[in-house]
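The exercises below concern one protein chain and ask for its architecture to be read from the coordinates. Please work through each task before turning to its solution.

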Amino acid sequence: MIEIATKRRGRRSRLLNADARSARKSELGQVMTPPGIAKFMASLFSFKRTADVQILDAGAGQGSLSCALIAEWGRVATRKSSLHLTAYEVDPDMLKQLRPALREFVLGQQREGQSIDVDIRPVDFIEAVANPFEYANPGVFSHAILNPPYKKINSHSMHRVWLRDLGIETVNLYSGFVAVALQLLGPGGQLVAIIPRSFCNGPYYRPFRKMLLRNAAIERIHLFESRTKAFQADGVLQENIIIKIVRGGKQGSVVISTSRDDSFQDIECRKVPFEEVVRSDDDDGFIRIPQSEPAGEKYLTFSHNLHDLGLQVSTGPVVDYRLKEYLLDEIEGQAVPLIYACHFVDGRSRWPEGSTKKKTAIQDVPETHRWLYPTGCYVVTRRLSSKEESRRIIAHMVVRGDFPGHEWIGFENHLNVFHTAKNGMEEELARGLCTYLNSTRVDRFFRLFNGHTQVNAMDLRKLPYPSPDQLRQLGRQAAKIKRPAQAQIDSMVEELNEC
Ligand SMILES: C[S@@+](CC[C@H](N)C(=O)[O-])C[C@H]1O[C@@H](n2cnc3c(N)ncnc32)[C@H](O)[C@@H]1O
């Protein structure tokens, strides 16, 4: 009996430890870089043969990036060179591995006459740099290598406060780490980081992008073609890129490389003019990553914007949890239809059907009325697509006839809505727009600057559109087919693209 109880206790405590480890892993964004990727990242740095180098590894983990970089330096360094590494790591368990790993590695690397010294700082990187008493030496590093933690920074966290103290406005630790590391580099200092692609577009990362483009030149971007391959052991599904930037560098063309996975066996490189990566007329500084598709494939020849079409696009104004008390299971009294993404089937609204436990109605009262739109013809897209879906933008039409007897409707916040000053638009134009947005060509173009599954209204504002007449023509063509297949949509849009 006693033996069984002891075994059970042992198993329980092992499970509790495993739970605590996994909670810490996610809290600290602990996804280790596989050796192949660490080596590749290190190979992107250049070294002057005789210069002394000052390396920064922020969030050093078990030290794989530091070791790869020291090894790379060792290949070119002369006998009298010196290397100083500063590695920040906040997790005591990680530090237990980092210290011996770096000690052993450095011993194996050091050649006569060379000096390699390592300074491990067991502190929070952002906090330490923000604290003027702890750290007062910006501009000291010549090389920074980073696989920073991925974690949203909430608005009341200390990280937000420390970053603001450093003049950095951003929403995730990964971009915070890159921004701080960039501040610590001296002129001409190089930074190589493996980071999610999400900063390349969207409104939240705009201040980060602008800061990066103001202070550094982008030299290289590497993209993994398979989103699961870069960190497959950790099941990371974020699309990651490796980026090399140079502090205060002169911006020239950008080398874009792709490989299927971290073996880099099939790596392909191209030089792309910077204008193709960040357009000079783009005030939001979207970073596009042109992939090696056959010339022309990735381009849309259209040159109109939503303003030319007399349209706007906004996120659905009804934020359900803020208006909870006004939501109903079904229409009664003063209520009007409330439309969620799940109400769309086969390209059309099937409200109030659809596989949903969501409320399907919202009371039309003074407290809610300003969030409602008059019934009419709209085009909506989901703000979140799933990874399994073949296209990122999935557009649907909403027409007045879908809501007989209702003068007003509510669009829930997980939708983007195309409208005319908060009113509907003509049906032909809407059908053309919907067909256009659902084409493979638009999807390819969209993927140039959007590496994640979110579709923001800002992204949709950035798309080039056909002229109003072209869209109406497309609308008339599409109306002749009951449920156009993808190939039919594509051929209609292709025809238009070639005109
Ligand atoms: C994505 S892991 C990368 C580890 C290592 N650089 C690698 O590439 O294998 C991020 C590391 O940053 C550490 N970390 C998280 N937040 C930190 C902070 N605020 N300051 C310093 N280190 C932090 C984590 O414990 C983790 O080891």
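The model is predicted: local features require pLDDT of at least 70 and side-chain atom pairs count only at pLDDT 80 or more, while totals for chains, interfaces and linings use all residues. Residues are numbered from 1 along each chain as its sequence is written.

**Exercise 1. Overall composition**

Determine how many helices and strands the protein has, and what percentage of its residues is buried.

Solution. 
Step 1. Helices (H or I, at least four residues) and strands (E, at least two) are taken as DSSP runs, numbered from the N terminus. On this basis the protein has 16 helices and 20 strands.
Step 2. A residue is buried if 20 or more other C-beta atoms lie within 10 Å of its own, exposed if 12 or fewer, and partly exposed in between, with C-beta atoms placed from the backbone. Of the 499 residues, 41% are buried.
Step 3. Two residues are in contact if their C-beta atoms, placed from the backbone, lie within 7 Å. Among contacts between residues at least 6 apart in sequence, 78% join residues at least 24 apart.

**Exercise 2. The sheet of 9 strands**

State the strand order of the open sheet of 9 strands and identify its edge strands.

Solution. 
Step 1. Two strands pair if DSSP finds at least two bridges between them. The order is β3-β2-β1-β4-β5-β7-β6-β8-β9, and the pairing is mixed.
Step 2. The edges are β3 (115-121) and β9 (268-272), each of which pairs on one side only. From one strand to the next, the twist averages 15°.
Step 3. Within this sheet, β4 (residues 141-146) and β5 (residues 185-196) pair in the parallel sense over 5 bridges, and Phe-141 has Leu-185 in β5 as its bridge partner.
Step 4. Strand β8 (residues 254-259) runs antiparallel to β9, joined by 5 bridges; here Ile-256 is partnered by Arg-270 in β9. The number of buried residues among the 5 of β9 is 0, so this strand lies largely in the open.

**Exercise 3. Helices on the sheet and beside one another**

Find the strands that α3 lies across, and describe how α3 packs with α4.

Solution. 
Step 1. Axes are lines fitted to C-alpha atoms, for helices over the stretch in contact, and angles run from 0 to 180 degrees between N-to-C directions. Helix α3 lies across β1 (53-58), β2 (82-88), β3 and β4, at about 170° to β2. Helix α2 (residues 35-43) lies across β4, β5 and β7 (240-247), at about 155° to β5.
Step 2. Helices α3 (residues 64-76) and α4 (residues 92-109) pack at about 10°, their axes 10 Å apart. This makes α3 roughly parallel to α4, a label given to angles under 35 degrees, with over 145 counted as roughly antiparallel, 65 to 115 as roughly perpendicular and the rest as oblique.
Step 3. Contacting residues include Ile-70 and Gly-74 in α3, and Phe-105 and Val-106 in α4.

**Exercise 4. The shell around the ligand**

Identify the residues that come nearest to the ligand and classify the shell.

Solution. 
Step 1. A residue counts as near if its C-beta atom, placed from the backbone, lies within 6 Å. Of the 21 residues around the ligand, Met-32, Thr-33, Gly-59, Gly-61 and Asn-147 come nearest. The elements giving two or more residues to the shell are α3 and α5 (125-130).
Step 2. Ala, Val, Leu, Ile, Met, Phe, Trp, Tyr, Cys and Pro count as nonpolar, Asp, Glu, Lys and Arg as charged, and the others, Gly among them, as polar. The shell then divides into 11 nonpolar, 7 polar and 3 charged residues.
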